[in-house]
Amino acid sequence: MSQQEQEKSDKQKYDFRKVIEELQEYEGSGTQLVSIYIPEDRLISDVAAHITQEHSEASNIKSKQTRTAVQDALTSLKDRLKYYDVRPPENGMVMFSGAINSGGGQTDMITRVLESPPDPVESFRYHCDSAFLTDPLEHMLADKGLFGLIVLDRREANVGWLKGKRVEPVKSASSLVPGKQRKGGQSAQRFARLRLEAIDNFYQEVAEMANDLFVAKRHEIDGIIVGGPSPTKDEFLDGDYLHHELQDSVLGKFDVSYTDESGLYDLVDAAEDVLAETEVMKDKEQMNEFFKELHDGEKATYGFEQTRRNLIMGSVDRLLISEDLRDDVVTYECSNGHEEREVIDRRKNTSDHECSECGEVVEGDDENREDVIEHLIDIAEQRGTETKFISTDFEKGEQLLTAFGGIAGILRYSTGV
Amino acid sequence: MSDKPHQNLAVIGHVDHGKSTMVGRLLFETGSVPEHVIEQHREEAEEKGKGGFEFAYVMDNLAEERERGVTIDIAHQEFDTDEYYFTIVDCPGHRDFVKNMITGASQADNAVLVVAADDGVQPQTQEHVFLSRTLGINELIVAVNKMDLVDYQESRYQETVEEVTQLLKQVQFNTDDASFIPTSAFEGDNVSTASENTPWYDGETLLEALNNLPEPQPPTDAPLRLPIQDVYTISGIGTVPVGRIETGTMETGDDVSFQPSDVGGEVKTVEMHHEEVPSAGPGDNVGFNVRGIGKDDIRRGDVCGPADDPPSVAETFQARIVVMQHPSVITAGYTPVFHAHTAQVACTIESIDYTIDPASGEKEEENPDFIQSGDAAVVTVRPQKPLSIESANEIPELGSFAIRDMGQTVAAGQVLEVHER
Ligand SMILES: Nc1nc2c(ncn2[C@@H]2O[C@H](COP(=O)(O)OP(=O)(O)OP(=O)(O)O)[C@@H](O)[C@H]2O)c(=O)[nH]1
Ligand SMILES: [Mg+2]
C-alpha cells in the first residue's frame with residue numbers, strides 16, 4: 001500500500017469507527033432497525049428487488065408503529081440505492097436505516113451508508129432488529145495478527161496472546177524447582193538430580209499450558225514467540241516440549257529478564273524484528289520516535305493548541321492522533337475579533353468561553369463546534385502532513401491519550417512552539 | 001552459633017569480572033572450603049571446558065551455571081573472621097539476572113564491588129552501584145580485580161579507581177564510604193595476604209577491609225518485617241519460607257501474618273545457619289515454619305509481620321523518585337517493573353504530582369507532562385498486583401524501591417505515604 005493509500009485507510013477506518021460507535025448507541029422501540037450488508041458482486045437491482053419484497057412482507061407486521069417504521073426505513077434505503085449503477089463500490093457496502101428512540105417517546109429517522117469497508121463484505125445479509133448489526137464491520141476494523149507468547153525461567157512462566165496491538169496475558173505457572181540453597185544433609189548429586197527432574201516437570205507444565213491455549217488456534221496463529229533469561233528458553237525449545245505443530249510456528253526466541261506478565265510485554269518489544277510488519281510495530285515506531293524527540297530532540301509537539309499551531313506553520317511531518325480520542329473543538333470569536341478554541345469532551349454540551357485577551361464572555365454555538373480530529377486532519381491535509389492513528393492497546397499509545405491529550409506531532413524542524 | 005556481630009555482604013559487579021571467583025577464593029583462604037573441594041571443582045571445570053572457574057564453582061552450584069560459567073541466581077555463604085559473622089551473597093552480573101541481584105543486595109548491609117582492571121566500568125557496574133545506593137548499602141569495598149591480566153601495573157589500577165570514583169559521584173554515593181584494593185581473585189593477590197606483586201600498594205587486603213567494616217547500624221524500632229526471598233518444601237518440616245529479618249524480631253510462638261497473600265499462623269520453628277533458634281533479630285537470615293501455611297499460600301515478595309501489626313498493602317502510594325537514566329520520558333500511565341525488597345511488581349505511575357529541585361529538595365512544577373533523566377519528582381503509583389510496602393518515614397528498610405524497564409534500571413525512590421487497600 002502506498003503511503004497515501006495507507007493514510008486514506010487510516011482516516012477511513014476512523015470514519016467507519018465513528019459511525020459504528022454512533023450506530024451502537026441507537027435503539028429501536030420495536031424490531032425496526034434495518035441493516036443490509038451487500039457484497040461487491042451483488043447487482044444493485046437484486047438488492048432493490050429484495051428490499052421491495054421485504055417492504056411488502058412488512059405489511060403483515062401487527063404493530064402499526066413498527067410496520068410504518070420498517071417500511072419507512074426500507075423506502076429510505078431504496079432511495080439511497082438509486083445513487084449506484086449496476087454494482088456497489090469495491091469491497092461492497094453496508095446500509096443502515098431505521099427509526100431510533102430519541103428520548104421522550106420520540107423517534108428519529110436515520111440512514112447511514114458505509115461504502116468500501118476495509119475488507120470485502122462476504123455475503124449478502126438482511127437484518128431487522130431493535131439494534132443495528134455492526135459486528136461484521138467491527139470485525140473488519142479489528143487489528144489483524146495473532147501471535148502466541150510464552151515467557152519462562154525456572155521460577156515461573158506466563159503465556160498469552162498478542163492480538164492485533166493488544167497483549168493479553170492468559171495463564172501463569174510457578175515452579176517447584178528448588179533454588180540454589182541446598183538443604184543440609186542432601187548430597188550434591190541427589191540435589192542436582194531432583195532439580196533436573198523438577199525442571200523437566202516444569203517445562204512439561206509450561207508446554208501443556210501453551211498447548212491448551214495455542215493448539216486449537218494453530219491455523220489462525222501467525223506465529224509463536226518465546227522469551228526468557230538466557231538458558232531457559234533454549235532448553236525449553238530444544239527439548240521438544242511444545243506440541244510438534246506449534247514447534248513449527250515458533251518465530252524466534254528472545255532475551256527478556258522478566259517472566260511474570262510484564263515479561264509478555266517485554267517480549268513483544270524484544271521481538272521487534274520478527275514483528276516488524278505487524279500493525280503494533282508500526283504504531284510503536286511512531287510513538288518511540290515521538291518519545292525520543294521529547295527526550296533529546298526538539299522535533300516533537302503535543303496537545304491541541306501547540307500541535308495545531310505547528311500544523312498551520314506547516315512544520316509537522318506526521319500528526320499522531322489517538323484512536324480513542326473523542327473530543328470536539330469549539331471555536332469562539334469575541335466582538336474584538338479574538339479567535340480562541342476550547343477542546344471539550346464529545347458528550348458535553350458547548351459552554352460559554354471567556355476571551356483570554358479581553359475578558360469578554362462569548363456564547364458557545366454548536367455551529368462552531370466540530371470533531372477535533374477532523375479539524376486537525378483538515379489542516380494537515382492542506383499542509384501535506386501525514387496523519388497516523390495510534391492505538392491505545394499498547395503502553396506508549398495509552399500514554400499518548402492520557403498524558404498528551406491524544407494529539408501529538410513529529411516535526412520536520414524545530415519551531416520552538 | 002557465633003556471638004560475633006553479624007554482617008550481610010553482597011558481592012556485586014559486571015558479568016565475568018570475578019565475583020564468584022572472589023567469594024570462592026575468600027572462602028578457601030579463610031578455611032571454609034577445603035583444598036580438595038577446589039581440586040574437585042578444577043577437574044569438573046576443565047572437563048566442561050571451563051578451566052579457571054574452579055573458585056567460582058564454589059558458589060555456582062547449578063548445572064546451568066557451571067556449564068555456561070555464569071551466575072544465574074544469588075547464593076548465600078556463611079563464614080566468619082576475627083570480627084564478624086558474615087553472610088555473603090554472591091550476585092549475578094549478567095544483565096538478564098539483575099532482578100536476582102536486587103533481591104541479594106536488598107538483604108545486605110555493605111557490598112564488595114568487583115571491577116576487572118582489564119575491562120573497567122561496564123553497564124552492570126554502573127547499574128549495580130546505583131541499585132546498591134538505593135537499596136541501602138552503606139559502604140562499598142571496591143576490588144579492582146584481575147590485576148594479573150594487566151601485569152599488576154599501578155597505572156591501570158589508578159585508572160580503574162578513577163573511573164569508579166567518577167561513577168560513585170555520578171550516583172551520589174559518598175566516596176568517603178568506599179575503599180579500593182587491587183586484587184587478583186584467581187591468583188589470590190591481596191585477598192587475605194598482602195601481595196608481592198603490588199609493591200606500590202600498602203593498603204588493606206580484602207579480608208582486612210571486611211574486618212574493618214563498621215558494625216551494621218541497629219535498625220529502626222519497628223515491628224517485625226521479613227520479606228520472603230524463597231519458599232522451600234522440606235521433607236519432615238513442611239513449608240519453609242526464608243528471608244532476612246529487616247526489622248523487629250521473630251520468636252517461636254509468635255502469631256504472624258504474610259502480606260499481600262493475607263495468610264498467617266503461629267511460628268513453630270525458626271532456623272538460622274542450619275540451627276534452630278528461639279528467636280532471631282534484624283539482619284538475621286532465617287528459615288522458619290508457620291503452622292497451617294502451605295507452599296502455595298505464600299510467595300517471594302510477601303512480607304511477614306506480626307498478626308496484630310501486619311505489613312501494609314498498597315492500593316496506591318506516593319513516592320519521591322529520581323530518574324537515573326531513561327532513554328525517553330516518563331509520563332502518567334507509564335507501567336514499568338518496581339522492585340521493592342524481594343517483590344517485583346508492575347506498577348503504573350498514575351500521576352506525576354510535582355517535580356522537585358534535586359539539589360534543594362524544593363517543589364518546582366505541579367503536574368508536569370513528563371519527567372526525564374536527572375529529574376526528581378513526587379509521583380503517585382498504582383501497583384498492578386498487590387504489593388506490600390511501607391512508608392520510608394516509618395520503616396525505611398521497607399520503603400525504597402528501584403524501577404526497571406527495557407532491561408535497565410531507570411529510576412529509584414522512597415515511599416512517602418501508603419494508601420492501603
Ligand atoms: N586472570 C584472572 N581471571 C579471573 C580473575 N577473577 C576471575 N577470573 C576469571 O574470570 C572468569 C569469570 O569469573 P567469575 O567469578 O565467574 O565472574 P563473575 O563476576 O562471578 O561472573 P557472573 O557471576 O556471571 O557475573 C573466570 O574464567 C575466572 O577464572 C582474576 O583475578 N584474574
Ligand atoms: Mg558469578
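How much area do chain A and chain B bury between them, and what share of it is on carbon and sulfur atoms? I looked this up first. Chain A and chain B bury about 3,400 Å², with 48% of it on carbon and sulfur atoms. Buried area here is the accessible area (1.4 Å probe) that two parts lose on being put together, summed over both.

Notes on the source. I am working from a predicted model, where local features need pLDDT of at least 70 and side-chain atom pairs count only at pLDDT 80 or more, while totals for chains, interfaces and linings use all residues. Residues are numbered from 1 along each chain as its sequence is written, chains are lettered from A and ligands numbered from 1 in the order in which they are written, and side-chain values use heavy atoms, with hydrogens and water left out.

Entry, interface. I found 35 residues of chain A in contact with 43 residues of chain B (contact means heavy atoms within 4.5 Å). I also looked up the salt bridges between chain A and chain B and noted 6 (a side-chain nitrogen of Lys or Arg within 4 Å of a carboxyl oxygen of Asp or Glu). I noted the salt bridge of A:R154 with B:E64, at 3.0 Å from N to O.

Entry, salt bridges overall. Over all chains the structure holds 51 salt bridges. I picked out A:R412 with A:D317, whose closest N and O atoms are 3.9 Å apart. A:R412 lies in the segment after β18 (407-411) of chain A and A:D317 in strand β11 (residues 316-322) of chain A, so this pair ties together parts 95 residues apart in sequence. Helices (H or I, at least four residues) and strands (E, at least two) are DSSP runs, numbered from the N terminus.

Entry, helices in chain A. I looked at helix α9 (residues 279-296) and helix α12 (residues 395-404) of chain A, which pack at an angle of about 50 degrees with their axes 10 Å apart. Axes are lines fitted to C-alpha atoms, for helices over the stretch in contact, and angles run from 0 to 180 degrees between N-to-C directions. α9(A) and α12(A) are therefore oblique to each other (angles under 35 degrees count as roughly parallel, over 145 as roughly antiparallel, 65 to 115 as roughly perpendicular and the rest as oblique). Among the residues of α9(A) that meet α12(A), I noted A:M287, A:F290 and A:F291. On the α12(A) side, I noted residues including A:L400 and A:F404.
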